[in-house]
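Hi,

Here is the structure I promised to pass on.

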Amino acid sequence: MLLYGSVALGGVGVWLALPRGKRTPQVLGALLAGAAGGMALLGLGLAGGLANLYFYVFALMGLGAALKVITHPRPVYAALYFILTVLAAAGLFLILSAEFMAFALIIVYAGAILITYLFVIMLATQAPEEGQEEAAQAPYDTNAREPFIACAASFLLLGVLTTMMFRGAGQLEKAAPLNPDALLVQMPRKVENVLRAHGMIEAGDKVAHDERTGRPAIDAEAGTITVNRKSGGTRVFTKDQWPADMHVKNIEGLGFDLLREHPGTIEIAGVILLMAMLGAVVLSRKQVQIDEDEKQKQALGDGGGR
Amino acid sequence: MMTLAQSGFPEVMSQVTLAHYLFVSGAMFTIGLVGFLTRRNLIIMFLCTELMFQAAGIALVAFGRFHLDFTGQTFVIFVLTVAAAEAAMALALVVLLFRRRESLDAEAWREMRG
């Protein structure tokens, strides 16, 4: 019940916040939508603690900025608010201990994609007239198209999407904990380097290999590492002897997953990027014939410089 | 749980659950959808698709985190790739369309309706 109430409230809030003409109860709408978002989050259960506080800060920041993106009448500000959304999402990624993705998101989205957007916004906006202080807002920026139907349909979708979370989230099976250190079996060189850096083995000592399987003798479950000494004999390190930086880090796990499980997908992604680049070049090279005469006239008219 | 906390994965916060993240993701997706349907500026419409990509990314990373699997994060990399490709193509199209009509209004192309 709370779910549907807050979803409906959010829908009304977004509907009110959408720009239409001159007078709009935008602030009221934004407040309503914010209240709805907060209510739904509270309905899922309030969580205390500092890390949880960060979750709420980033979540509300992201949703608020997203609302601003779709309601701000000026495209440049919408793009800037989108950067704020990206930063909030990166914060959520950090809380989810996906550090690499958080920074990749900031670099790729805020650094590259959004700059492209800003370029195009500035390329494709009419310059203000001489006498005017600033360009008048184009009517297509200040008037939303069929806001009611869109809000109703979208928030109906949200209600359906989130029904499961309120009803059955508690009954979801807990995923079996997976030990990321299991990946250490695949990186004996890292194990050797870490152990050597901490002075636990000497140069020339190698991680032993299991005689039956031929794999490095690293047991992530039991936490034992067997090392063949150069001087002969073996030495076993148990888990409480592991240096702190022995454990698999986010970026290492990500790299292994990316290159071991999805090598074909990387190739496809590369092809997609290549095609997009070619397509963009071909598309934007095309000259529009209609404009040419006008441009020449203009160039002759004011001496070619603007 | 102790071993998880030691191994680079801080322990899952006791109370913020997967459902919280999925709700944030769903709400952000919905906002992007509303924006895509209601705004008439072509650039903002594509910005809203980026918003929806963001929402999908949050959901993927949250799932990956709570199932202790890196595949979610791997897929966010591919989502980023597709988003970059889409942005390049879409913006090239927008520039092309703007040169023809001197307007970013999606309604300026309404005769293209099937």
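Below is what I found, starting with the conventions.

This is a predicted model, so local features need pLDDT of at least 70 and side-chain atom pairs count only at pLDDT 80 or more, while totals for chains, interfaces and linings use all residues. Residues are numbered from 1 along each chain as its sequence is written, chains are lettered from A and ligands numbered from 1 in the order written, and side-chain values use heavy atoms, leaving out hydrogens and water.

On confidence (pLDDT, the predictor's per-residue confidence, from 0 to 100): chain B has a mean of 79, with 84% of its residues at 70 or more. Within chain B, helix H3(B) scores highest, at 90, and helix H1(B) (residues 2–6) lowest, at a mean of 40. Helices here are DSSP runs of H or I, at least four residues, numbered from the N terminus. Residues 1–14 of chain B are below 50, yet beyond near neighbours in sequence that stretch has 27 contacts (heavy atoms within 4.5 Å) in the model.

Now the interface: 96 residues of chain A and 79 of chain B take part in the contact. About 8000 Å² is buried between the two chains, with 76% of that from carbon and sulfur atoms; buried area is the accessible area (1.4 Å probe) lost on putting two parts together, summed over both. The count of salt bridges (Lys or Arg side-chain nitrogen within 4 Å of an Asp or Glu carboxyl oxygen) between chain B and chain A is zero.

Cheers

Conventions. Helix = DSSP H or I, 4+ residues; strand = E, 2+ residues; numbered from the N terminus.
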